[in-house]
Every structure is written in structure tokens, then in C-alpha cells.
Amino acid sequence: DELVSREDLEELHKLNVMFKFDLVLNHLSAGSPQFQDLLKNGDKSIYKNFFIDWNEFWQSHGEMSPEGHVIPNEEYLQKLFMRKPGLPILKVRFPDGSERPYWNTFYQEIVYHEITAHDLLQALGIEELTYDDAENIAATVNDVLNAKRDITEIDLGDLNHHKDYIVSVVEQNRKYLGQMDLNAQSQEVWDFYDETLRKLREHGGKLVRLDAFAYLHKEPGEHNFFNIPGTWEYLGRLQQIADNYGLTLLPEIHCEYGSGLHEEVAGRGFPIYDFFFPGLVINALDRGTNRHLLKWIREIREKNIRTINMLGCHDGIPVLDLRGKIIDGVKKDGLLSEAEIAKVIDEVMDRGGRVKNLYGPDGKKIAYYQINAAFFSALGEDERKLRLARAIQMFMPGIPQVWYCLLYTSPSPRDCNEYRVCRLLLE
């Protein structure tokens, strides 16, 4: 209400300017009420099945490791599509002190807050510990935490008999950052999707981008990225909910052009998020050639592919998407060659970008993924290129997406060339 009125929404609707919101289907913040309830109530939490207990999922398809988590059988492990090094798990401490591994495909971090003598005295009681002892223990513990060492290996000398209690106090102060995978086999999760889609519609949304939806369907022995037919079944179920609220769903496909997944999604009646466009524009402007961009435009028209195109988004500059792929021994060409993609990556990195990669089960890099950079930076902060890129976008087939963050790149947005260009072209 501080930023927009109902009248503003109506005026934008008259101008045919639509709001596109994101619904992150695969995961939910570790700070969410659902996950926090799980931390507080453990096995008694109403959200115990809201997230995926890794050991329960793999219990019949692997062996328990000394660290307390199941390692999937080799034939299953090698098929897993990884987004980070190591197994996609986060160890969650339950109120009873047990550690449970939960599925965590993306980002995770465990943060320990420093403890004080007061914390220890309050937990152990003054008769168990003197204030001087508590201060010494707190200093030792905090040194271990700041060095990011394993707290269970701490040596308290003559006070080692208090170690279990000390570790318990530290663990109770544990905080989690990250994104916990949702259990799509739980009805509570689908009720959550329904509630969220309704809220997005009430806030003026028309388009809803389904973030990371391809990771949602999980099954032992599958890649757990765009499992077939499970992913299509989930999409159909989501479409029924969206239809109830008059929403258009936009599945996000972060995958090689050569895989043809974008055509499969488009063939089922969904618009696609044009992750190919930003890299093609950078290549066109830096190389001085329209050849690859025109090829993609012709394909969009000939195959009647509905697109939402963008130059900047939360995912930076996609590059994996431009690649070809070998399918059943047959090489499917990409929109750019490997050498041309490498050139785009190198140039954007020289301009301050950073590459984000994909990893295999052994933690080794298997492919580049995207470049983290604002689009203006990716163009070398060349305002002429930016104006031309934005003009190309506005006249591309499909619906142009203007990421709102790009309109606030200076203290006074109306003095920003990016803002002026977008405003003029939209009008």
C-alpha cells in the first residue's frame, strides 16, 4: 500500500502493462514459518512432511554413511542433476538433539552465533560453573566458531565433562540460511501453492513464472530434473489452480537449447522464458553480427513459440542455455558454438562478471551455467549498446519483460538512461 494504489493497478491494466511475479515451486526459505516450525517442534511439527527427509526418501536405495545420511546407490547417484558440489542435503537439528538430513538442492549455510558466559550459566546453572569458568569456556568456544572449526572437536581441558552441554548450548543458537526443497507428495504443499497463487492474483499479478519447477518432481533412479512424466503431471495440476485465478503460468527452463525442452514446453501451450535472448544480444552487439539472433527470431515465428523475453533477471546472464547437446549419440547444435559462448563468457568476466557452474556428484565442475552480472555491466557500461539492446527487446516477438530493479540504477531514476529508454519504448 505504501508503493501502489488500486487505481495504479487499474491504470497499468488499461495500458496493457502486466505484473509478472515469481512462484518458487521447488524450495522455500529456511526462514519461512513452515521451516521454523519444524525446527521448533521436530517430529510433532505439522510441517514435518512439508520438506523432504533425505534418509526417508533414499532409505531403500542406498547405504547409511558414518555421518548419518544415506548415500544413494552408485547407479542412482550418477544420474542426479546437481546444482552445487556434494550431496544436496542440509543437516537439521531437531529439538531432541538428533540431526536429520533434508533435501537442499540450492543454497545453504549454517551460522553459529557467539555465546556468552551468561548463556552458559543460564543453561548449566551457577552451581555447575563459576563465572570465570564460563567466561573462559565462552572465549574458547567463540574462537572455534570464528575459525569455522567443528564445535564437537573442542577441547575444554579440565572442564571437558561439560562438553556435551556446551555443544548443546551452541547448537541451540544455530541459525540456517538457504532454500529447503518442498515435498510435492504432501497435500499441504499443494494447499500452499493454491494460497500463494491466489495472493499473487490479488496483488495484481497476471503472469506467474514457475521458478525451478523442473526440480520439483523427485523419484529414486531419475535425474530429478524434469522427470517425465511426473513434471508434466505437476504442471497440469498447477495449471488447474492457475485457471481458477485467471493466471498465465510461465515455466522456467534453464537447459541447453540442444535438448529441445523449450519446444516441449511451448508445445504444451505454455509461454517460455526466453533465456536465450540476453546472450544472443551480447554476442550480436560485441561481434557486430545479427546472424544468430535472426536465426532464433525465425524459429520463434515458424514454430509459433510464445515467449517472455528479458535482458536482465535474477539469474544474471544465462549461458548454458545457448549450448547444443548430444542426445542418443546425435549432436544437436546450439544457438552459439562453444567457442562463441566462451567468448561471451570471457568478455563479460573481463567487465566484472562471475561465472556460476554446475557440478557432478563428486564435486567436480561439469559445465558453466550462468554469468552473474547486471546487463548494463555485461555490455561494458556502454549506453549506446544498452539503448539498442532495449530497443531490440521491445520489438522482439513475444512479451518484453522489464525487470523493475533495472529502473533503479541511479539515485534519481528519472535521470537514468535505462529508465528513460524503457519509459519511451513502453509508451
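A residue is called buried when its relative accessible area is under 20%, exposed when it is over 50%, and partly exposed in between, as found with a 1.4 Å probe on protein chains only. This is a predicted model, in which local features need pLDDT of at least 70 and side-chain atom pairs count only at pLDDT 80 or more, while totals for chains, interfaces and linings use all residues. Residues are numbered from 1 along each chain as its sequence is written, and side-chain values use heavy atoms, with hydrogens and water left out.

Begin by selecting Ala 212, which lies in the loop between β9 and α9; helices (H or I, at least four residues) and strands (E, at least two) are DSSP runs, numbered from the N terminus. Ala 212 counts as buried because its relative accessible area is 6%, and it has a positive phi of about 55 degrees although it is not a glycine. Most residues other than glycine have a negative phi, and most peptide bonds are trans.

Select Glu 252 next, in the loop between β10 (248–251) and α10 (261–267). Glu 252 is buried because its relative accessibility is 6%. Leaving aside neighbours within four places in sequence, Glu 252 is in contact (heavy atoms within 4.5 Å) with residues including Ala 212, Phe 213, Tyr 273 and Asp 315.

**A cis bond and an exposed residue**

Move to Ile 228 and Pro 229, which are joined by a cis peptide bond with omega of about 10 degrees; Pro 229 lies in the loop between β9 (205–211) and α9 (230–244). Then select Asn 304, in the loop between α12 (291–302) and β12, where phi is again positive, near 55 degrees, in a residue other than glycine. Is Asn 304 buried or exposed? Asn 304 is exposed, because its relative accessible area is 64%.

**Helices α5 and α7**

Now colour helix α7 (residues 163–172), in which Ile 166, Val 167, Val 169, Val 170 and Glu 171 are buried. Among the elements that cover these buried residues are β5 (89–93), α5 (117–124) and α6 (131–146). Two packed helices are described by the angle between their axes and the distance between the axes. For α5 and α7 the angle is about 115 degrees and the axes are 10 Å apart; axes are lines fitted to C-alpha atoms, for helices over the stretch in contact, and angles run from 0 to 180 degrees between N-to-C directions. Which residues make the contact? Leu 120, Ala 123 and Leu 124 of α5 meet Tyr 165, Ile 166 and Val 169 of α7.

**Trp 58**

Finish at Trp 58, in helix α3 (residues 54–58), which is buried because its relative accessibility is 0%. Leaving aside neighbours within four places in sequence, its contacts include Val 70, Tyr 76, Trp 103 and Pro 220. Select Asn 73 too: Trp 58 and Asn 73 are 15 residues apart in sequence and 9.1 Å apart in space, C-alpha to C-alpha.
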